[in-house]
Structure formats: C-alpha cells, structure tokens
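Have a look at the structure first, and then we'll take the parts in turn.

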There are 2 protein chains.
Amino acid sequence: MQTLHVDLGERSYPIHIGENLLGNTDLIRPHVTGKQVMIVTNTTVAPLYLSKAEQMFSGYQIESLVLPDGEHYKDLKTLNKIFDALLEARFDRSCTLVALGGGVIGDMTGFAAASYQRGVNFIQIPTTLLSQVDSSVGGKTGVNHPLGKNMIGAFHQPQCVVADTSTLNTLADRELSAGIAEVIKYGMLGDEEFFCWLEANMNDLLKREPDALAYAIFRSCEDKAKIVAADEKEAGQRALLNLGHTFGHAIETGMGYGEWLHGEAVGTGMIIAADLSKRMGWINQDDFHRVEVLIDKADLPIRAPASMTYEKFMDLMQRDKKTISGQIRLVLLKAIGEAIITADYDQELLAQALNEHHALPSTRKIGI
Amino acid sequence: MQTLHVDLGERSYPIHIGENLLGNTDLIRPHVTGKQVMIVTNTTVAPLYLSKAEQMFSGYQIESLVLPDGEHYKDLKTLNKIFDALLEARFDRSCTLVALGGGVIGDMTGFAAASYQRGVNFIQIPTTLLSQVDSSVGGKTGVNHPLGKNMIGAFHQPQCVVADTSTLNTLADRELSAGIAEVIKYGMLGDEEFFCWLEANMNDLLKREPDALAYAIFRSCEDKAKIVAADEKEAGQRALLNLGHTFGHAIETGMGYGEWLHGEAVGTGMIIAADLSKRMGWINQDDFHRVEVLIDKADLPIRAPASMTYEKFMDLMQRDKKTISGQIRLVLLKAIGEAIITADYDQELLAQALNEHHALPSTRKIGI
C-alpha cells in the first residue's frame, strides 16, 4: 500500500492506494469522529462491495443507502434521497458519509456531506479508475442540471480516500478506458515523463496489471494534488485540469448524460484540444499524432458524434462554467506536458478543429 | 447611515444601516465584480421595491426572478428555480446574486450563490426586521426539508448587506414583532444593557420610530458579529445564537412551516428556555418575569400551541442540528445577558417547562 498526503492546510487528508484495502478497518477509523456512518452506493456496486465496506465500520451506527446507477441520476432529486435517509435515521452533525462507488456516487455524496446541516464529514472509497484518479483529489462535489453538468455543487474535502485497486477487476472494459482518459490527461497537461510511461505501459493498464494500475493512480493523484494545493478554489492554474473537458462536457450534455461516459467524452475532447493546438502552430503534427494514438490505444473514441456540429458545440460550450462573461477560455497545449489556459486562439481554427472531429465514420463502439 | 464592518478575514464585509438606502448605487457597485446581476425576490416585495433595487444595478446585465412568498417555499424545488433562471440566462461564475426580501429569500438566494457553479458572489438587501438583524450577519444559508428546518445549506458570506429601515414601513405588524423577537434574543444572551434599553424603548420600536429601529438593528448586528467572528463555522460559542431556537424550530416544524413565523416561535422558545433556567435555579422568578413581559410587550405569543405536547417537542428536537449523538444540547440562561450551551439540565424539569408552556388558553392571534 502507498499513501499520498494531499496538503491543504487544516483540510489535508491521506489517499491510500493498493490491493485489497477494502475491509481494512485501521485505514478509516482514525477519520470517523462521531458514531453515525452512512454508506452511499449504487445498485451495481452494492452487491460487490457493500458488505465489505460495512465491515470497515463495525461498531458504528451504520446505515446504507443504495441509489440507482448512472450519470442521469446525478441530480437534485436523487441528492434529496440522501437527505431523506439522513433525516429519517436522525443523523446529526457529527455523522460521516461514505461514498462507495464511482464518480457519480462520490460527487453526490460529497455534495450531500457539504450541504447536510451545512457540512459533515465524508470518506471516499472510489471503485472505478476514473474516480480513483479524479474525484479522489480536489474536493469538487456536485450534481448536474438539465442545462449543464456539475452546475450545482460545493468544494468539500474528504477526511480520507481509500483507493483499492482490486475493485477495478470488476470494472467494465469501457469504464476502465474512460478512467485511463483522465490518467492520460495528467501526462498531457503537465507531466511528459508520465505520458511516455503511458505510451510504454498502456497494454499493462488495459490488462489490469496491479502494479501498473497502482503506479498510474499514485502518479495521477500526485500530479493533481500539486495543482490543487496551489489553487484549491480554482482561481487560476487549477483550470488546467479541465483539459479536454470543455469539449467533453459539450458532448456529454449534447448527447444526454450517460450516453457517453465522462472519460470517453474527455478523451475525444483532448484530441480536439490537441488538434486546435496544432492548427495554432503550438504543437507539431507528430505530437498531435502521439496524442491521438495513445487515446486510441486506450480503446477510447477519437471522434465526436455526428450530431455534434460546430454550432451545437458552441451553443453548449457557452454555458460551461469556465466561460467568463461570454468568452470561452480553453485549455490548450504548448507541448506534450505543457498546457495553458487561454482565450487567445483563432475562432476559425476552432471551427475547423470541431468540424474535423465530428461526423467522420467511426469504428468505436459508441453510437455516433 | 451607519456602517458596521463584519470582520471575517478575507470574507469580511460591510453592513450599511439607515433610511432610504435603496436605490443608492454607490453602496453596492464596489461589490459587484462581474457584469451579470440576478435579483431574487418574492411576489410581496417585488411590487414595492424591485424597480428601486434594479436602479441600483443599472449598467449591468440584470435579470430578476420573482418567487412565491412564504416559508413553505423554502425548499429544494424552489431553490432549483433559481438555478433554472441562472442557467437559462447563461450566468457565469463571475455573476452576482442579490437577495431582495426577508429571511426566506436571503437564505435561499445565499444557498443558490453558495452552490451555483460551486460558489458565486451575493449581496443581501433584507427588507424585514428579522432578516436585517439575523441573516445579515453570519453567512448561514439553506433550505428546509420536510423533516427539519434549514437542514440543507452552506456557510456563505455576502459581499455586502444594505439594511434600509424605510422598507420596514411596509412590514405587517406580525412580521415586525417576529423580528423584535430576535432583537430581544441578543439582549438576553449576552447584552444586558441592550435588554434594559429594549424594556425602555419597546414602544418606539413598535411605532417604527426610525432612530430606534436603526439603533436596534446596529446593536443586534454588532452583538451577533462579535460572536460570529470568533466562531464562523459554529464549532462552539456561536451556538449561543440558537437561544430559543431548539424549541422554536420544533414549533415551526410541528405546526408546518409558515403557520408560525420564525420569530414568533423563537419568542415562545426563549420563554421556555428562561422557564427551564428558572426551574434549574439559575435565574430567579423576577428575571423570568422580565423576559416574559418583554416578549409579551413585543406583541409575541408567549405560549406554544396546544398540539405541541412534551412528546412532540422531544420527537422534533431530537432531529435538530444542535443535537449531537442523541443528546439534546440547549441554550439556557445563567442570567439576563449571560447564556450558556449545556446538556447538563434535569430532564424532568424540561418536561415541566414544556408542559407549562403548551395547552394554556391564549389570547394571541396565532391559532393554538
């Protein structure tokens, strides 16, 4: 087991990464202050890991809440089910919420913890690669709105995170690839050495080789933690983490939540970002090719769906949280391993990049 | 005009108090950073003050949202209407929300500002006495849940508060009295001199004499600001501000939100707290009498409704946010002007105090 400490002053917390951590009582007990624990999970994860998770909290007043699975349940209505359960069980301010599942469960449970009685403790046990490398670090919580993804939420840091790589053995291939998209992102935006490691080790990740997974998770969290520690509330450089996300969110929203997985949309979004960077003359054709090849190798879609026209992208992107006063700021590449946040790009080249990456024939498994 | 500075480090802000402040552009412009302003108000306040409020923000992109009036609309569903409006108008992270109305509008708009895109700026223009002395200071925002009041929310400080005493001229008598209940609270819990001032000047307040109102508002906010500055997230002494609230919330929840006004329930709750303090031998009969007389003089109910039995009180209070691990902590009096937070009281005496203060004939205008 490896432990990464996320340094955020009095909101600092550890991330434990390794095999067979679920059920290990010692890891989480120091982080539970009250007597009441509610485990929030979903219908997919509950049969696999809920009883093991409950074992970790034996001796506490444990309640478990099993929500329906899927991004389209990440809304205020489902969030309210958590509040219902907490109030029916008379949970007080000293309680702890535990998120057992992927990013949707983590984001919703985290926001419930941020808002219940104006803030209670929470612990994350992410069971997907995406949530282990993404929502483990940063404290972003929230739910979707029909008009935009993650539009309602809070910054709320967990007490600790337990990333058990063994839980990835039950993950669908498509979910694994979606997680790898976020892993690739850390290489692309600020860690060229890691990008090279991924080029060399992608097959081991796809084969779920435990050491490769643990290394990729640790390094991703470490890269993310450095950025978050410097800019917790996303006043500046933290926005680099949105590489591929402005385009990706537009695809997710445009197709309806859940149709494309978040990581899949981000993967395609990163290709569009790299393409625009190439058209701006900031990276060369070879670097663009390396990005496209690596994302393709991770078994991710490399083209946006045909219905995502330039006009549709623009309409959706103008609603994105990163848009300040109407001007769309994008995360683009100056090199592999060096991203920038900029509104200083050519609108015509953006149109070209968006047109290039939709409506092409695709062999990917996702409907276009 | 007087200005009180609430000192909370980088979250510090001014409260401007005085006559005819509404429409004064200079007061709020320094606090609006972006170009987009949404004024949230209700059907009662809009016809009276919305156009004046809009004048304050001329030159900005102004949107106004008029919500239905009443405590029973303070829920997630109505909150979501604010998010709908913000997203439909494509408001971005640099926007400012303005709460124009009483406590319900302030709490909901504040929570919307705390959660929209994980936090945007907001300005409060409270138009009731209760909201001028209560929600002006402290940053508590939130909505109700059918199983408990203010159970979902966040701490979120405004950029500035404008308390225009002229807006109190249109306030219903019952609303004025409800506000005075919170004013009395500051005297009772930590400011005996102010309590004496209220005994001498209650008639001027009820007559809405502008100088008396401004003094009471300033002193209440000042008293509250001292407590909040020392304990922003309610880890300890801030809970003193809940004097009368544990009992009061039980009355509000038990009767259904909106039946009793918050301040009315708090007034009766303070009498119960004083009665229990007397039974514990902490204050004498004379002090208890002073409390009861002052609350009565403010034209507030001094008895809980007949349906609020001891059992019903206990059931509802165990769900209160101030309850830690099943034990009900109460704010009680050691003297007029000296409150304490304690779980060290006699349960039998609590039962007596609760039985004493319900089911008695009442001449108050509220149904019992």
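Let's start with domains: in chain A, domain 1 covers 2–170 and domain 2 covers 173–356, with the bounds coming from an automatic or database domain assignment. Keep in mind that this is a predicted model, where local features need pLDDT of at least 70, side-chain atom pairs count only at pLDDT 80 or more, and totals for chains, interfaces and linings use all residues. Residues are numbered from 1 along each chain as its sequence is written, while chains are lettered from A and ligands numbered from 1 in the order in which they are written.

**Domain against domain**

The C-alpha centres of domain 1 and domain 2 of chain A are 25 Å apart. Their contact draws 31 residues from domain 1 of chain A and 30 residues from domain 2 of chain A; two residues count as in contact if their C-beta atoms, placed from the backbone, lie within 7 Å. On the domain 1 side of chain A, at least two residues each come from strand 1 (2–6), strand 2 (13–18), helix 5 (129–133) and strand 8 (148–155). Helices here are DSSP runs (H or I, at least four residues), as are strands (E, at least two), and both are numbered from the N terminus. Helix 5 of chain A has the largest share of that side, with four residues. By class, the side of domain 1 of chain A that touches domain 2 of chain A holds 13 nonpolar, 13 polar and five charged residues. For these classes, Ala, Val, Leu, Ile, Met, Phe, Trp, Tyr, Cys and Pro are nonpolar, Asp, Glu, Lys and Arg are charged, and the others, Gly among them, are polar.

**Chain against chain**

How does chain A lie on chain B? A turn of 180 degrees with a shift of 0.0 Å along the axis does it, at an RMSD of 0.0 Å, which means the relation is that of a two-fold axis. The superposition is by least squares on the C-alpha atoms of residues with pLDDT of at least 70 in both copies. A:L76 is the residue of chain A that comes closest to the rotation axis, with its C-alpha at 3.8 Å. Both copies use the same surface, as 100% of the contact residues of chain A recur in chain B.

The contact takes 32 residues from chain A and 32 residues from chain B. Two or more residues each on the chain A side come from helix 3 (76–88), helix 4 (103–115), strand 7 (140–145) and strand 8 of chain A. Strand 8 of chain A gives the most, six residues. That side of chain A splits into eleven nonpolar, twelve polar and nine charged residues.

**Helix against helix**

Axes are lines fitted to C-alpha atoms, for helices over the stretch in contact, and angles run from 0 to 180 degrees between N-to-C directions.

| Helix pair | Angle | Axis distance |
|---|---|---|
| Helix 6 and helix 7 of chain A | about 155 degrees | 7 Å |
| Helix 7 and helix 8 of chain B | about 145 degrees | 10 Å |
| Helix 9 and helix 10 of chain B | about 130 degrees | 7 Å |

In chain A, the angle of about 155 degrees makes helix 6 roughly antiparallel to helix 7. Angles under 35 degrees count as roughly parallel, over 145 as roughly antiparallel, 65 to 115 as roughly perpendicular and the rest as oblique. Residues of this contact include A:I180 and A:V183 from helix 6 of chain A, and A:F194 and A:L198 from helix 7 of chain A. The contact of helix 6 with helix 7 of chain A has nine nonpolar residues, one polar and one charged.
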